[in-house]
Structure formats: structure tokens, C-alpha cells
Amino acid sequence: MYHWFRPRGVASGSRSPQLEITPELFERQLALLRRRGYRSQQLSQAVRPRGADGQPRRPVVITFDDGTQDFWEHARPLLAKHGFSATLFVVTGRVGGHSTWDRELGEPDRPLMGWDQIRRLHDDGFEIGSHTHSHRALTELSDRETRSEMQRSRRVLASETGVEPEFLAYPRGRYTERHKQLAREAGYTGACAVVLRWSDLWRSEPYALRRMTVKGTESMLHFRLRLALGRFVRHSQRERPVSRRAA
Ligand SMILES: [Zn+2]
């Protein structure tokens, strides 16, 4: 999972500059993936059992949240150059606008791609998923509001791209058991979370698919370590029973 790009030599305006990666480092990572025989997959393929027909030996799912313009500018040409695809999660109510939801974190507003760009990406084989309709924190919403966020973005994506999105990414990776259930009810096949602790890695479930954040500050050695760890992640086909203890 990647966030934003920052060309080398440009000062960061972010409170989280580690989430910005230079196009040069991103390209070195893609080149390494290619040399090692990794093939990008769509999430719908990746959640099938290992060893299923058509599974590459070394699958990788590259995802980007929010649908920022820098994806179009930097990631798209580099992914194409190295033969990779990606999954993008877009905020349907903000397409063509700015990422103002990050102001509360002290982040600058980032320009977002428009529907023409998103349709083009979809036509080029990129998987487009929902990042809800307005990027509000689901943990602060009622069930009714959460349903609306999930269902509305699904309808908008279906009408703009012609395909119903299969996957959802929870804004800021925050969710509870209830959100997993609501995502299922809204018709999604699965939903993406974020690995916050290393122990999360071993518990990838359909409505809490684990993604590792690749940081722009990490070395290629660190990136290799991520790849090695990723190969041990077992994706369960079923959700674990909800713990009786309050979480
Ligand atoms: Zn987001």
C-alpha cells in the first residue's frame, strides 16, 4: 500500500513525510519486483485460495488510496513501464476535487483525479474500489450513515465505470466487527484494512485484508524484508469468529 509521491528535491508539506515516496525509489522497488518474478494481481484474484488455477507463483497486489493526481502523474507511467497493475480506492463524492478530509491531520489538500482519468485507468485494467463516498471516519458514524457511505459509493462507481466495485478500503484503515458486517451487506466481496502491528499480518480475512504500508523513508533492504514476510501471510477464506471479549 502506497500513499503519495514527492519528487526529489521538493520540500514536503506533509506532517507524515515518511508516507511520501520519490518516483525514483518507487521505480527501484518495481524493478526489484519484476526481477524477482512478481506479477501483479487484482484483489479478486488474490483472495482465491493459494494454488488455485491461474495463480502466479509470486503474486503481489499494489494498492493506492484516495485517488490523488500524483498517482496519475508518477505511478501510472512507472507501473506501465514495468508491467504492473494496481488497485485504486477512490472517494466517489470527491472525485475531481481535493483531499480536504486530511486537514484535521495537518495535511495539505491534494488534488484528486477526475472521472475521465479513473475511467481510463479502469479501461487499462486497473481495479477501482471504493474508499467510501466522503472519507468520513466510519467509527464515528451511525449504522445508517455507514450504509449510505458504502452503498452510495458503490452505486456511483457502477454508473461511472460500468462495473460494481468488489472491494472497499476503510478510511484511515479504521473499522470494527460491525463495519465488516455492513460492508458485506452492502455487497462488497471484501474490504481492506492496514497492518498497524506486525502481529496483524498473520490474520488476513475477507473483510479485513491486511496491507503493508510502504514508506518512502525505508531502504531497499527493508522493502526486501517486507516481500519476504508477505510470502508467509496466509489469507483465510473465512472470518474468524468474533471474540467474546470486548475489543
Ligand atoms: Zn484515505
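Two strands pair if DSSP finds at least two bridges between them. Keep that rule at hand for the exercises below, which explore a predicted model.

**Exercise 1. Get your bearings: how many helices and strands are in the protein chain, and what share of its residues counts as buried?**

Solution. Start with the elements: the protein chain holds 7 helices and 9 strands. Then turn to burial: 32% of its 247 residues count as buried. Lastly, look at contacts between residues at least 6 apart in sequence: 58% of these join residues at least 24 apart.

**Exercise 2. Find out how many bridges join strand β5 to β6, and which residue of β6 is the bridge partner of Asp-65.**

Solution. Step one: locate β5 at residues 63-66 and count its bridges to β6; there are 4, and the two strands run parallel. Step two: apply the rule of at least two bridges; with 4 bridges, β5 and β6 pair. Step three: follow Asp-65 across to its bridge partner in β6, Phe-89.

**Exercise 3. Which residues touch the most other members of the largest nonpolar core?**

Solution. That core has 43 residues, and Leu-88, Leu-168 and Ala-191 touch the most other members. Now take Leu-168 and set aside its neighbours within four places in sequence: its contacts then include Gly-129 and Ser-130, along with Met-150, Ala-183, Tyr-188 and Ala-191.

**Exercise 4. Which residues of helix α6 are buried, and what do they pack against?**

Solution. In α6 (residues 177-185), the buried residues are His-179, Lys-180, Leu-182 and Ala-183. They lie on the same side of α6 because they cover an arc of only 165° around the axis. As background, an α-helix has 3.6 residues a turn, so residues three or four places apart point the same way. The buried residues of α6 pack against α5 (143-161), β8 (167-169) and β9 (190-192). After α6 comes Gly-187, with a positive phi near 105°.

Definitions and conventions. Residues are numbered from 1 along each chain as its sequence is written. This is a predicted model: local features need pLDDT of at least 70, side-chain atom pairs count only at pLDDT 80 or more; totals for chains, interfaces and linings use all residues. A nonpolar core is a set of buried Ala, Val, Leu, Ile, Met, Phe, Trp, Tyr and Cys residues joined through C-beta atoms within 7 Å. A residue is buried if 20 or more other C-beta atoms lie within 10 Å of its own, exposed if 12 or fewer, and partly exposed in between; C-beta atoms are placed from the backbone. Two residues are in contact if their C-beta atoms, placed from the backbone, lie within 7 Å. The arc is that of the directions from the helix axis to the C-beta atoms.
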